[in-house]
Amino acid sequence: MARAFLFVLDSFGVGGAADAERYGDAGANTFGHIARACAEASADREGLRRGPLAVPNMLSLGLAHAARTAAGLPVGFDAPLLASSFHGAAQEVSSGKDTPSGHWEIAGLPVRFDWGYFPDTVPAFPAELTDAIIREGKVPGILGNCHAPGTEIIERFGEEHIRTGKPICYTSVDSVLQIAAHETHFDLERLYELCLTVRRLVDPLKIGRVIARPFVGETRATFQRTHNRRDYAVPPPEPTLLDRLTERGSKVIAIGKIGDIFAHRGISEVRKAGGNMAMFDKALGAMDDAGDGDLVFANFVDFDTEFGHRRDVAGYAGALEAFDRRLPEALSRIGQGDLLVLTADHGNDPTWRGTDHTRERVPVIGIGPGLKGGVIGLRPTFADIGETIADHLGLAAGRHGSSFLATIGGHARTA
């Protein structure tokens with residue numbers, strides 16, 4: 001049996017991107033800076049965690065070696081490697097440092113075009129777009145219309161939103177238009193319908209995603225975003241690994257926001273839950289259900305949304321440790337012929353300035369029982385991950401990326 005399990009620790013970069021300076025991110029290193037903060041006891045939090053970063057299971061898959069490959073080894077990390085494990089890092093060639101670019105490239109499709117972005121001005125949106133949102137979305141107006149962190153803008157405008165019925169529209173340095181609205185006062189389904197309308201309106205602007213950001217609470221002090229987020233993404237312009245698998249009859253089980261990121265193309269089934277640990281439960285269930293030739297593709301979004309963007313070092317460290325504690329449950333489900341890959345889609349260094357993603361290389365670590373494992377080096381594109389999975393599952397070579405399956409002792413494709 002040949003199955004593949006691809007886990008994306010959303011935003012868990014390992015520094016070292018060759019073009020980081022172009023993005024203002026030279027020196028950013030999500031893993032390295034979290035590890036340093038933990039070692040210096042500046043990421044201790046009562047009731048959450050204390051001391052050096054404890055991720056022994058990811059270290060046993062080669063995380064420290066991957067970090068060394070990308071940007072230099074974080075201080076104090078070393079661990080014996082599991083048999084059949086492999087490790088390396090990958091550099092992104094897509095032009096953005098956003099979620100769709102990272103995930104599409106992981107799935108074998110680098111983004112060679114430039115996304116559209118909104119300027120960091122007030123207002124951020126062109127007047128004709130704002131007018132169209134109000135007219136076609138049937139809303140009395142919009143609030144925000146600026147660059148802002150999601151939790152902060154809800155605190156600023158949430159009470160006015162409830163009072164007026166105007167949705168909160170905002171953006172960031174990513175190619176995105178986000179709409180926050182109250183789940184009951186505005187209505188969740190109405191928010192989704194509005195986002196579909198706005199998705200159509202921003203297509204000519206090449207905006208990557210429109211994101212529904214529902215929240216609950218009645219006052220600034222009690223507002224809280226819920227897990228009913230929904231992303232409306234542009235469909236990939238070419239077939240991805242997911243399309244290639246489903247077209248030949250294999251199943252692709254999407255965990256978390258994977259289905260949204262790929263505009264639900266090439267997806268057999270979507271399983272969602274609120275929070276990393278609930279998502280891990282869904283991933284384990286999908287591993288149990290996967291058959292020969294199938295892919296389980298999971299995204300663990302809390303690292304990014306709850307801790308990276310909020311610049312919460314202790315929270316990010318605690319989330320990594322919680323994920324690592326669950327990892328043996330996934331490893332116990334890996335059998336002969338299976339392949340598990342852990343990676344990330346970009347960085348989001350919680351020690352960095354601002355609140356946005358950081359341009360970084362990503363770890364590529366994993367295990368395949370029966371393989372020799374070893375070093376895969378620095379991969380020139382995330383697409384090598386998708387091509388390796390395609391190779392492992394018996395697909396012909398795609399247009400982008402190169403498989404490293406033969407390097408770790410797998411049977412390279414002959415197609």
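The model is predicted, and its chain is divided into two parts, with domain 1 made up of residues 3–109 + 236–407 and domain 2 of residues 127–233. The centres of domain 1 and domain 2, taken over C-alpha atoms, are separated by 29 Å, and the area buried between the two domains is about 1,200 Å².

**Interface between the domains**

- In residue terms, 18 residues of domain 1 are in contact with 13 residues of domain 2, and carbon and sulfur atoms give 54% of the area buried between these domains.
- Asp260, Arg310 and Asp356 together supply 32% of the area that domain 1 buries against domain 2, which is more than any other three residues supply.
- Across the interface of domain 1 and domain 2 the rule finds zero salt bridges, while the count of residue pairs in polar contact between these domains is two, both at pLDDT 80 or more.
- On the side of domain 1 that touches domain 2, the elements giving two or more residues are α4 (99–106), α9 (258–261) and α11 (302–308).
- The residues of that side of domain 1 divide into eight charged, six polar and four nonpolar.

**Positions annotated in UniProt**

- An unreviewed UniProt entry lists Asp10, Asp345 and His346 under "binding site", and although these residues are spread over 337 residues of sequence, they cluster in space, with a largest C-alpha distance of 7.2 Å.
- Of these listed residues, Asp345 has its place in the loop between strands β12 (338–343) and β13 (362–367).

**Salt bridges**

- The structure as a whole holds 26 salt bridges, and one of them joins the side chains of Asp231 and Arg209, with an N to O distance of 3.0 Å.
- Asp231 lies in strand β8 (residues 230–233) and Arg209 in strand β6 (residues 209–216), so this pair ties together parts that are 22 residues apart in sequence.

**Backbone features**

- The peptide bond that joins Val122 and Pro123 is cis, with omega at about 5°, and Pro123 is placed in the loop between α4 and α5 (127–137).
- Ser84, a residue other than glycine, has a positive phi, near 75°, and the place of Ser84 is in the loop between α3 (63–71) and β2 (85–90).

Key: Residues numbered from 1 in each chain as written. Predicted model: local features only at pLDDT ≥ 70, side-chain atom pairs only at ≥ 80, totals over all residues. Heavy atoms only, no water. Domains from an automatic or database assignment. Contact = heavy atoms within 4.5 Å. Buried area = accessible area lost by both parts, 1.4 Å probe. Salt bridge = Lys/Arg side-chain N within 4 Å of Asp/Glu carboxyl O. Polar contact = N/O pair within 3.5 Å; in protein donor to acceptor, adjacent residues only side chain to side chain. Helix = DSSP H or I, 4+ residues; strand = E, 2+ residues; numbered from the N terminus. Nonpolar A, V, L, I, M, F, W, Y, C, P; charged D, E, K, R; others polar. UniProt positions renumbered as here; feature names shortened; annotations may be inferred.
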